[in-house]
Amino acid sequence: MLFLGPPGSGKGTMAARLSALLGIPHVSTGDLFRENINKQTPLGMKVKKTLDSGGLVSDEITVEILRTRLGLNDAIRGFILDGFPRTIHQADSLSKIDNIDHAIELRCTREVLIRRLTGRRSCPVCRRIYHVDSMPSLVENICDDDGAQLYTRKDDNLESVNRRLALYEKETRPLSDWYGAKGLLRFVNGSREADVVFEEIREIVDI
Ligand code: AP5
Ligand code: MG
Ligand code: ZN
């Protein structure tokens, strides 16, 4: 299954919870890119500027990294995509790689998105996502699970956020019609409290 939705709508938060419940991997192309950037791999060096500024990585590179990830053993029983596909070209490529049972689009007002992104903190070790107000860690800036120092994503500044939101409207919004036409799309109001949003997603995927 896959999550659509603008930056800050909660794709990563909901995908992680669902992954823990279902025991299938949470595959985020954004996380895969950030992992490569942290390790300073050739791919990471190539995409760093694009991620920091809130641009989109080329379809060619993105489809390749996704194809490799879905080829790993743990994805045989299924997977939860977060942040892929983001263009019609990527959706078309995905349809040739595997079948999708559910597409869930998280919807939020712009005001909520900005508040969430500017208050987000992430764990570099386990990838857990926090928010300074709505999902704080027990000790400020320290991950509850592993004690790592939390960080603020480089693309969570207002300039990059605005670019990401604009690119979402231009490149990714058309995917709602694409998955809608296939009868796979469900909309979920992502502005509500996380437990409420998650319950609705569970009902949709019937678990
Ligand atoms: P990516 O990492 O996918 O970023 P994004 O799409 O901009 O989305 P975010 O991760 O910012 O938001 P989210 O929806 O996951 O929200 P979260 O759960 O964290 O991509 C980053 C970059 O990589 C792209 O800009 C691009 O450069 C590149 N890239 C990636 N995929 C690509 C592709 N397919 N093609 C081309 N380029 C690609 O939640 C946000 C905050 O809100 C958190 O603080 C969280 O704690 C809080 N929160 C979440 N839900 C709730 C709730 N219900 N109530 C209160 N707070 C909540
Ligand atoms: Mg995310
Ligand atoms: Zn952690």
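I take buried to mean under 20% relative accessible area, exposed over 50%, and partly exposed in between, with a 1.4 Å probe and protein chains only. The model is predicted, so I note that local features need pLDDT of at least 70, that side-chain atom pairs count only at pLDDT 80 or more, and that totals for chains, interfaces and linings use all residues. Residues are numbered from 1 along each chain as its sequence is written, ligands are numbered from 1 and chains lettered from A in the order in which they are written, and side-chain values use heavy atoms, with hydrogens and water left out.

Entry on Leu94. I looked up Leu94 in helix H5 (residues 88-97), helices being DSSP runs of H or I with at least four residues, numbered from the N terminus. Leu94 counts as buried because its relative accessibility is 1%. Not counting residues up to four places away in sequence, I find that Leu94 touches Leu2, Leu66, Leu70, Leu81, Phe84, Pro85, Ile100 and Tyr179, where contact means heavy atoms within 4.5 Å.

Entry on Gly83 and ligand 1. From Leu94 I went to Gly83, which is 11 residues apart from Leu94 in sequence and 13 Å apart in space, C-alpha to C-alpha. A backbone N or O atom of Gly83 lies 2.9 Å from a nitrogen atom of ligand 1. I also looked up Arg86, where an N or O atom in the side chain is 2.4 Å from an oxygen atom of ligand 1, and Arg192, where a polar backbone atom is 2.9 Å from a nitrogen atom of ligand 1.

Terms used: Helices (H or I, at least four residues) and strands (E, at least two) are DSSP runs, numbered from the N terminus. A polar contact is a pair of N or O atoms within 3.5 Å; within protein, one must be able to donate a hydrogen and the other to accept it, and residues adjacent in sequence count only if both atoms are side-chain atoms.
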